[in-house]
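Hi,

Here is the model I said I would pass on.

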Amino acid sequence: MRLHTEELMLNMGPQHPSTHGVLRLILTIDGENIAGVKPDIGYLHSSLEKMMEHRTYLQNVALVDRGMDYLTALANEEAYLLAVERLGGIEVPPRAKWIRTIMLEFQRISSHLVWLGTWGIDLGASTVFIYCFRERERILDLLEQVTGGRLHYVYFRPGGVLADLPEGWTDRALEFCDELLDRMVEYHELLTGNPIFRARVLGVGVLPRDAAINMGACGPIARGSGVDFDVRRAHPYEAYGDVEFDVPVFEGGDCFARYQVRMEEMRQSVRIIRQAIERLPEGEVRARVPVNVRLPRGEVYARTESPRGDLGIYLVSEGADKPHRVKIRAPSFSNLYALTEIMRGWKVADLVAILGSVDIVLSDVDR
Amino acid sequence: MAELAARAWDAINGLYLGLRVTFRVLLDRKITVKYPLEKLEVSPRWHGLLALPLDPETGKDKCIICLQCERVCPDRCIHIEATGKGKERVLTRFDIEMDKCCYCGLCVEVCPTDAIVFIPEYEASTRDRARLLYDLEDLHRAAPKEPPARGLVKMGRGR
């Protein structure tokens, strides 16, 4: 006897806890198997690029903080200011460069900790969530002591940073680095060996190397598929050319490989922070740049390695104190695209694991 | 059979390691605070609510009505009006719409006389939206008794 089967449309989101924001996935399912995925984005569109055209270069620093990826505010500021400084020929003092590097790496760790915790919740391992946020809270405290903010820092400025590191801060930072490495062992004990966790991620959502390159995947997604590329090493900015670090690359291409990449990246970030604090030069932290800085006519593209991947800013100036046009190349957008393409054929329950491993932030996708 | 035993051992060992962490943390010091009853200290550079401290010597406003903060504010939430000419100029209006404010701190940074400062407060919630418009009187009242220690680099002054 032949059973009559048909494909079913299933609406996942926009209000779904595992979509990390407001992402709507229109699924076509054949039983438990996914036959097609169509992401519907734009719920968090804030027309950031247009808004940036109406604000001065300094005011835009406050805007890129919250308009893009809200978990990595400093990485957004860095990408934007790199473009501004390159176009304006603004020289950043060496001490400011090293401070920026330290801050960016702390931001990377805090972003990866949020990812690890929320992904744990997606997979049913809700214990690890609280542990990750415990460590993230320490990083936010450290960043608060330097910048005054906990999520939106507005700390980098054209030509440097707002303020020097407070007294005794580097000792506290190094102390935290040691503690984090201890805690990382705990995360591994909680997750890496856990048979339930392994069953949910090992071999799930394989993104082959060619597909990763062709679909523009970047950051930890691409490195989990064996693409050995990191903007920090390929096109060094700030002090990244002067510090030693390894770029973790794993060949698996599955969710577990992406997990391994991020776990190893946190370890490398600690390594960078330690080197940077040790070699922190003395001197000015801010070049003299007027409040309403005017950039010469021209265009520039600056790319950085944000915790989510290759974050680029394309900026066109017409000689005014406001940008003429800004285009943001968001890493979450291309990573989301790459992984929704390979979701076909997996079970609905795997979809949550795959989606979580992208580490999407919807305000970064929509902007 | 040997393979099954190895897998079973891995599973038991993995669960044991995870549960060991859980039980260790159970006996650890608590990291949470009971918020409305206990409060955390904020750092000296905290981007909190804004205030206008009076000059302790003259008892008048430190603001020289240069309007830099009004211009630099990305959300345009500061509104300043003044009367008089030259040295006689006095503030008649200094309104901050705290519901628009994004706590970026650019106003504090550009102020040449430290007339506008952050205070280590963060509880601004109210049931009435109109009370989020802080006028001159509110901002004076919120001012700290002693100026907070801050290590910010001021615009155009170098270090």
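Before more of that, some housekeeping. This is a predicted model, in which local features need pLDDT of at least 70 and side-chain atom pairs count only at pLDDT 80 or more, while totals for chains, interfaces and linings use all residues. Residues are numbered from 1 along each chain as its sequence is written, and chains are lettered from A and ligands numbered from 1 in the order in which they are written.

A:V154 is not a glycine, yet its phi is positive, about 50°. Most residues other than glycine have a negative phi. A:V154 counts as buried because it has 28 C-beta neighbours inside 10 Å. (Buried is 20 or more other C-beta atoms within 10 Å of a residue's own, exposed is 12 or fewer, and partly exposed is in between, with C-beta atoms placed from the backbone.) Chain B has a case of this too: B:Y103, with a positive phi near 55°, in the loop between β3 and α3 (106–110) of chain B. B:Y103 has 19 other C-beta atoms within 10 Å, so it is partly exposed.

Next, the interface. 29 residues of chain A are in contact with 31 residues of chain B, contact being C-beta atoms, placed from the backbone, within 7 Å of each other. On the chain A side, α2 (57–67), α5 (127–147) and α6 (169–192) each supply at least two residues, and α5(A) gives the largest share, 5 residues. That side of chain A is made up of 12 nonpolar, 8 polar and 9 charged residues. For those classes, Ala, Val, Leu, Ile, Met, Phe, Trp, Tyr, Cys and Pro are nonpolar, Asp, Glu, Lys and Arg are charged, and the others, Gly among them, are polar.

α6(A) deserves a look of its own. It has 24 residues and reaches 33 Å from first C-alpha to last, close to the expected 34 Å (1.5 Å times one less than the number of residues). Its buried residues are A:A173, A:F176, A:L180, A:Y187, A:L190 and A:L191. They pack against α4 (94–122), α5, α7 (195–201) and α11 (255–278) of chain A, together with α1 (2–26) of chain B.

Then there is the chain A sheet. It is open, with 3 strands in the order β6-β7-β8 and antiparallel pairing; strands pair if DSSP finds at least two bridges between them. β6 (298–306) and β8 of chain A are at the edges with a single partner strand each, so one side of each has no neighbour in the sheet. From one strand to the next the twist averages 15°. Helix α3 (residues 73–88) of chain A packs on this sheet, touching β6 and β7, and its direction makes about 150° with that of β6(A). (Axes are lines fitted to C-alpha atoms, for helices over the stretch in contact, and angles run from 0 to 180 degrees between N-to-C directions.)

Finally, chain B. It has 4 helices and 5 strands, running α-β-α-β-β-α-β-β-α from the N terminus. Its radius of gyration is 26 Å, well over the 15 Å that the globule rule gives for 159 residues, so chain B is more spread out than a compact globule. (The radius is taken over C-alpha atoms, and the rule is 2.2 Å times the number of residues to the power 0.38.) The C-alpha trace of chain B spans about 95 × 40 × 30 Å along its principal axes, and 21% of its 159 residues count as buried. Chain B also holds an open antiparallel sheet of 3 strands, β2-β3-β5, with β2 (78–83) and β5 (133–134) as edge strands. Strand β3 (residues 90–97) of chain B pairs with β5(B) over 2 bridges, and B:E97 has B:L133 as its bridge partner.

Cheers

Technical notes:
Two residues are in contact if their C-beta atoms, placed from the backbone, lie within 7 Å.
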